[in-house]
Amino acid sequence: MKVDILIIMAHPDDAELSCSGTILKSINQGLSVGMIDLTEGELGTRGSAKIRLEEANQSKKILGINFRDNLGLKDGFFSINESSLLSLIKKIRLYSPKIVITNSQKDRHPDHEEASKLVKKATFLSGLVKVKTEHKGIKQEPFRPIHLLYSIQNDYVKPDFIIDITNYYEKKI
């Protein structure tokens, strides 16, 4: 399933906190949106992996996104390695988004920064012919998104641009 926008975040709830207004506005404008959580958020102070999954499923319905996927990387301990990169490259090629939105490059939470680096590298490598991947036994073709955007949910980074989500703020909350 191809989508216009693919949101790839470290934890379930990162997208809701940082860019759910943008997601809602994009869907309202007729764009298709999918989401990938890198981890299950199992180290979160409040809740558990099970609760986070239930919340993620509920959020999928509220936001109206096309799908929500989870790579199952280890919360707090995932790194940029061949295995995590290939897992993500397969998803990027499968969904072939025009735009990828991920966590901020600079953030208090180390997983957010690591996620942005992982996504940046995977989006680049996904376009290389010599990086071979398969999905359900079928060879995947190279694909690189047109844009990689970093969502900001902190005071460490000044945004490059702002999207007006005034009409979607109540639903975001």
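Thr123 is buried, with a relative accessible area of 8% (buried means under 20% relative accessible area, exposed over 50%, and partly exposed in between, using a 1.4 Å probe and protein chains only). This is a predicted model, in which local features need pLDDT of at least 70 and side-chain atom pairs count only at pLDDT 80 or more, while totals for chains, interfaces and linings use all residues. Residues are numbered from 1 along each chain as its sequence is written, and side-chain values use heavy atoms, with hydrogens and water left out.

**Around Thr123**

- Helix H4 (residues 110–125) is where you will find Thr123; helices (H or I, at least four residues) and strands (E, at least two) are DSSP runs, numbered from the N terminus.
- Leaving aside residues up to four places away in sequence, Thr123 touches Ile92, Val100, Arg144, Pro145 and Leu148 (contact means heavy atoms within 4.5 Å).
- The Thr123 side chain also reaches the backbone oxygen of Lys120, at 2.9 Å.
- Glu40 is 83 residues from Thr123 in sequence, and their C-alpha atoms are 21 Å apart in space.

**Aromatic rings and charges**

- The structure holds one aromatic pair (rings of Phe, Tyr and Trp, the last by its six-membered ring, pair if their centres lie within 6.5 Å; planes under 30 degrees apart count as stacked, over 60 as edge-to-face and the rest as tilted).
- The pair is Phe67 with Tyr95, and it is stacked because the ring centres are 3.9 Å apart and the planes are at 20°.
- Phe67 belongs to strand E3 (residues 67–73) and Tyr95 to helix H3 (residues 82–95), so the pair ties together parts that are 28 residues apart in sequence.
- Phe67 is buried at 9% relative accessibility, and Tyr95 is buried with a relative accessible area of 9%.
- Arg144, one of the residues that Thr123 touches, has its charged end over the ring of Phe124, 4.4 Å from the centre (a charge sits over a ring if NZ of Lys or CZ of Arg is within 6 Å of the ring centre and within 35 degrees of the ring normal).
- Lys74 lies over the face of Phe77, at 5.2 Å from the ring centre.

**The whole chain**

- The chain has five helices and seven strands, which run β-α-β-α-β-α-β-α-β-β-β-α from the N terminus on.
- Along its principal axes, the C-alpha trace spans about 45 × 35 × 30 Å.
- Of the 173 residues in the chain, 44% are buried.
- Among contacts with a separation of 6 or more, 79% come from residues 24 or more positions apart.

Key. A polar contact is a pair of N or O atoms within 3.5 Å; within protein, one must be able to donate a hydrogen and the other to accept it, and residues adjacent in sequence count only if both atoms are side-chain atoms.
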